[in-house]
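Here is a short briefing on a protein model. Keep the structure in view and find each residue as you read.

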Amino acid sequence: MRGRDYVAIRGLEDEVVLKGRHLLGGEWRAGRESFLTRSPSDLNEIVGEYPKGGPADVAEALEAARKALPGWRALNVQRRCDLLHRAGDLLASRATEIGTLLAREEGKRLSEAVGEATRGAQVFHYYAGEVIRHPGQFQDSLRDGHSVLVSYEPVGVISLITPWNFPIAIPAWKVAGALAYGNTCVLKPSEFAPGCAVLLGQLLEEAGLPPGVFNLVHGTGRELGDTLVSGADGVSFTGSTATGRLILQQAAASMTKVQLELGGKNPLIVLDDADLQVAVDVALQGTYGQTGQRCTGSERLIVTRGIHAEFADLLVKKVAALRVGHALDADTEIGPVATAAQLAKNLAFIESAKAEGAELATGGQQLERRAPGHYLAPALFFGTTPSMQLNRSETFGPIAGIIRVQDLEEAIAVANDCELALSSGICTTNIRSAERFRRLSKAGMVMINAPTAGVEYHVPFGGRAPSGYGAREQGTASADFFTEVKTCYLNHGAI
Ligand code: NAD
């Protein structure tokens, strides 16, 4: 272990261990107990060591955020804009370094990981602009000599709880949104990939953010969740639907404002008239990109009978040819599964699909690579039915099943026959079919001839319950969560 308070990762120095700290009121703080993270590409490699926080650390972080709130919300908007912009610049300048840490700790392949860090920078730049763009309203009153003003105020102190699968992009869009609209925050990153949040804390400090505006606490949500939810004015959570339900229950007791971004079981429909090449590429990217560990990943491939044979034949060849390997290897197309628990869950889905009579067309077995890691051959099943476990619950892995259907109407019915409703997609060259699906899909996001995963930061992101709850994230929609409305009636006559 190196001696410095926290070690910045430069280049590809595998042996460097990040020594993460809590960030409480501008102070980097160690803890009595700590936990380690290991690279899923090489389980012998320790990536980071972090303090294991308790409720007292969260309480201190919340208090620091509350103390910093009046100053931050009153700060000149140009100054707030400049600070967020500078944070974006710093993130962009450190994208390779942050992406490398991300790839080592989470297992995402390097180019995707650097791309994610770059996205984080773009998000900060976008919300820097939002500080200044965000409008209020002025309206004539129904009463003579009166006016009505509607203004949007910060909610206050926000707890941000994030998952492991986008360890820089999700913290970036939550933190940038919270800060842009004048809130202060406490971030609790996933205990499986907290390193990027430490580097984010460093660069916010370097950008000149006042102490206490951004705070960071490490540890498990199970132990920290209650305090994070009950002690804040708002909680923005991204993670599994099961955890989201718990948070919603806790938030009801304290009446904490809640935003939940949860799991998906996203359908991709391929119609007979689809461009076959486009459909196969869309399915391949949407299902297996980032090792299938995206809430918006395609997990159900619903294919009409006329194109089924050709589509299945072409897709299985492409899936079988995907190169699974170490996240830092240049020729890797699919990195390892991120955690041992996630790998076990993926293998259980593969076994249940086989037991229910699905035909395993390729993959599904663990692989050995140059170092011991969570390597899984991407799996594709033929002959699956909507009622199989594989098609009902989120796998969150590089696994999908093809469901054969007669026509568009059956495809839409199957696509909607699942309680999760985050993203959905259709491949077709018929504009009427595309439009019919756009209208009838119950998902929060609909992709036409594009992968179900792959979203942009300037437009609303999210799904319907139980894939999401509360206001959408990203774009200007994020103001719906991060601000409170104030309506003011003004009688000019009395002034
Ligand atoms: P998870 O729910 O296990 O954990 C997410 C975060 O919640 C972690 O920081 C964890 O420590 C914390 N947590 C756990 N128990 C808690 C509790 N009782 N109270 C408060 N916090 C608690 O999810 P995960 O395994 O990290 O991530 C995978 C899941 O996230 C998948 O279901 C995926 O679909 C979902 N996800 C959704 C989106 C989206 O925007 N809709 C994006 C990415 C991931």
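**Salt bridges and where they sit**

Glutamate 49 counts as buried, because its relative accessibility is 16% and the cut-off for buried is under 20%. Keep in mind that this is a predicted model.

**Charged pairs**

- The structure holds 25 salt bridges.
- One of them joins the side chains of glutamate 49 and lysine 19, with 3.8 Å from N to O. This pair links distant parts of the chain: glutamate 49 is in strand β5 (residues 42–51), lysine 19 is in strand β1 (residues 18–19), and they are 30 residues apart.
- Lysine 265 and glutamate 299 also meet through their side chains in a salt bridge, at 2.7 Å from N to O. Lysine 265 lies in the loop between β12 (257–261) and β13 (266–270), while glutamate 299 lies in strand β14 (residues 298–304), so the pair ties together parts 34 residues apart in sequence.
- Are these two partners buried or exposed? Lysine 265 counts as buried, at 1% relative accessibility. Glutamate 299 counts as buried too, at 3%.
- Aspartate 281 forms a salt bridge with lysine 318, and their closest N and O atoms are 3.6 Å apart. Aspartate 281 lies in helix α9 (residues 276–288) and lysine 318 in helix α10 (residues 305–321), so this pair ties together parts 37 residues apart in sequence.
- Aspartate 281 is partly exposed, with a relative accessible area of 29%. Lysine 318 is partly exposed as well, at 30%.
- Glu27, Arg29 and Glu60 are linked in a network of salt bridges.

**A buried isoleucine**

- Isoleucine 168 sits in the loop between β8 (157–161) and α5 (169–180). It counts as buried because its relative accessibility is 0%.
- Which residues does isoleucine 168 touch, leaving aside its neighbours within four places in sequence? It is in contact with Leu91, Ile98, Leu102, Glu116, Ala117, Cys196 and Leu200.
- Tyrosine 489 is 321 residues from isoleucine 168 along the chain, and 42 Å separates their C-alpha atoms.

**Helix α1**

- Helix α1 (residues 55–74) has 20 residues, so at 1.5 Å a residue it should span 28 Å. Its end C-alpha atoms are 29 Å apart, which agrees.
- The helix α1 bends by about 40° at alanine 68. A proline, proline 70, follows within four residues.
- Buried residues in α1 include Val58, Ala61, Leu62 and Trp72. Alanine 68, at the bend, is buried too.

**Aromatic rings**

- A search of the whole structure finds seven aromatic pairs.
- The rings of tyrosine 126 and tyrosine 457 have centres 5.7 Å apart and planes at 65°, so this pair is edge-to-face. Tyrosine 126 lies in helix α4 (residues 110–133) and tyrosine 457 in the loop between β19 (445–448) and β20 (468–469), so the pair ties together parts 331 residues apart in sequence.
- Tyrosine 126 counts as buried, at 14% relative accessibility. Tyrosine 457 counts as partly exposed, at 23%.
- Tyrosine 127 and tyrosine 181 form an edge-to-face pair, with 6.3 Å centre to centre and 80° between the planes. Both residues are buried.
- Ring pairs link Tyr126, Tyr127, Tyr181 and Tyr457 into a cluster.

**Charges over rings**

- Arginine 80 lies over the face of tryptophan 72, at 5.9 Å from the ring centre.
- Lysine 108 lies over the face of phenylalanine 166, at 3.9 Å from the ring centre.

Methods: Residues are numbered from 1 along each chain as its sequence is written. This is a predicted model: local features need pLDDT of at least 70, side-chain atom pairs count only at pLDDT 80 or more; totals for chains, interfaces and linings use all residues. Side-chain values use heavy atoms; hydrogens and water are left out. A salt bridge is a side-chain nitrogen of Lys or Arg within 4 Å of a carboxyl oxygen of Asp or Glu. Helices (H or I, at least four residues) and strands (E, at least two) are DSSP runs, numbered from the N terminus. Buried means under 20% relative accessible area, exposed over 50%, partly exposed in between (1.4 Å probe, protein chains only). Contact means heavy atoms within 4.5 Å. The expected span of a helix is 1.5 Å times one less than its number of residues. The bend at a residue is the angle between axes fitted to the seven residues ending there and the seven starting there. Rings of Phe, Tyr and Trp (its six-membered ring) pair if their centres lie within 6.5 Å; planes under 30 degrees apart count as stacked, over 60 as edge-to-face and the rest as tilted. A charge sits over a ring if NZ of Lys or CZ of Arg is within 6 Å of the ring centre and within 35 degrees of the ring normal.
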